[in-house]
Amino acid sequence: MITSSSCAKIHLIGEYSAVWGKPAILLPVNLKLTVSLTPLASLRSGNSRRSNLKQPFQKIIEKAIEKKFGKKIPPYKLQIESQIPIGSGLGSSAALSSALAKALFKMLKVKPKESDIFQVALEGEKFFHGFSSGSDLLAILSNKPMWYRKENDSLILTKILSYPTPTLYLVDSGRPFENTRQMVEFVNKNTPQTKKEAFANEQEKLTLELFSSIKDKNYTNFARIMQKAHKNLQKLGVISQKCAKMVQNIEKIGGSAKISGAGGRKNGSGMLVIYHPQPKKLLSFAAKNNWQLIKI
């Protein structure tokens, strides 16, 4: 059996604006997705039927590998075990695409460069989301805090951040009714270009401020920056009423919170990233409300 794992991630700041060429800060989350491949010795009738039941993303990733390396992928049985909630802004599709790509490379006994894994896994991301900035994949492959900026299709700038962040938590606002592709399509269809540019420019400013806050270990403005980022995303129309109420309650006790992915409009909006200068106060509030917090 061949296994490979990938972690989850969050956008601390920069979702949507990263797609439009602005910087983002991403952090890994210690939740794992593991794929296991069991090579099948021969295509007996039962195994042939199993092979024909491959998921579309499998076929896309396999095709990308075969095209790039000229090696035929033998039949195998795929098993997936995941701690990462689906559709919650934690990069489950990027984790799946990267883990499968790495496992297939192992099965072929190919030692790829990280750029090879990225390019192959990106094809899987495109299947799930239609378009991907690549930020989720790069953050997951590095498994380290990252500064990310996509200048254009052929130039992506990244920097591993060695600076510690304050204590952060995640709480689930509920799985979105919409998937990432639908949310991106909604924003593109309903947001005038001038509004997109204003949003992206404001988020870039906040991203730079947040980076300075982390670099200088001065978290005085951390809550204010996250609150403004949340309000900008709310204006973009990607925050549900349920999620907005949760954020409002967190702000009432002196904290701040924002989504970590594409969000959602009709039900939940996925995982919220929470910062509170007094974590014990947040933990007490969460216990009273039966919130299951995940410490990052």
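**Cysteines, cores and helix H10**

Analyst: In this predicted model, cysteine 243 is buried, with a relative accessible area of 0%.

User: Where is cysteine 243 placed?

Analyst: Cysteine 243 is in helix H9.

User: And what does cysteine 243 touch, leaving out residues up to four places away in sequence?

Analyst: With those left out, cysteine 243 touches Ser173, Ile259, Ser269 and Leu272.

User: What separates the C-alpha atoms of cysteine 243 and alanine 139?

Analyst: Those C-alpha atoms are separated by 25 Å, and the two residues are 104 residues apart along the chain.

User: Is cysteine 7 buried or exposed, and why?

Analyst: Cysteine 7 has 3% relative accessibility. Buried means under 20%, so cysteine 7 counts as buried.

User: How many disulfides does the structure hold?

Analyst: The structure holds 0 disulfides.

User: New topic. Which residues touch the most other members in the largest nonpolar core?

Analyst: That core has 64 residues, and those touching the most other members are Leu12, Leu37, Ile61, Ile65, Leu90, Leu104 and Phe222.

User: Which helix gives the most to this core?

Analyst: Helix H3, residues 92-107, gives the most to this core, with 10 residues.

User: Back to leucine 90. What does leucine 90 touch, not counting residues up to four places away in sequence?

Analyst: On that count, the contacts of leucine 90 are Ala8, Lys9, Ile10, Leu31, Ile84, Pro85, Leu170, Ser260 and Met271. There is also a second, separate core of 25 residues, which includes Leu233, Leu236, Ala244 and Ile274.

User: Now helix H10. Which of the residues of H10 are buried?

Analyst: H10 covers residues 279-288, and its buried residues are Leu282, Phe285 and Ala286.

User: Why do the buried residues of H10 line one face of the helix?

Analyst: Seen down the axis of H10, the buried residues fall within an arc of 100 degrees, so they line one face of the helix.

User: Which residues are exposed on the other side of H10?

Analyst: Lys280, Ala287 and Lys288 are exposed on the other side of H10.

User: What do the buried residues of H10 pack against?

Analyst: They pack against strand S6 (168-172), helix H9 (241-252) and strand S8 (271-275). Helix H9 also holds cysteine 243.

Key: Residues numbered from 1 in each chain as written. Predicted model: local features only at pLDDT ≥ 70, side-chain atom pairs only at ≥ 80, totals over all residues. Heavy atoms only, no water. Core = buried A, V, L, I, M, F, W, Y, C linked by side-chain atoms within 4.5 Å. Buried < 20%, exposed > 50% of the residue type's maximum accessible area, 1.4 Å probe, protein only. Helix = DSSP H or I, 4+ residues; strand = E, 2+ residues; numbered from the N terminus. Contact = heavy atoms within 4.5 Å. Arc of directions from axis to C-beta. Disulfide = S-S within 2.5 Å.
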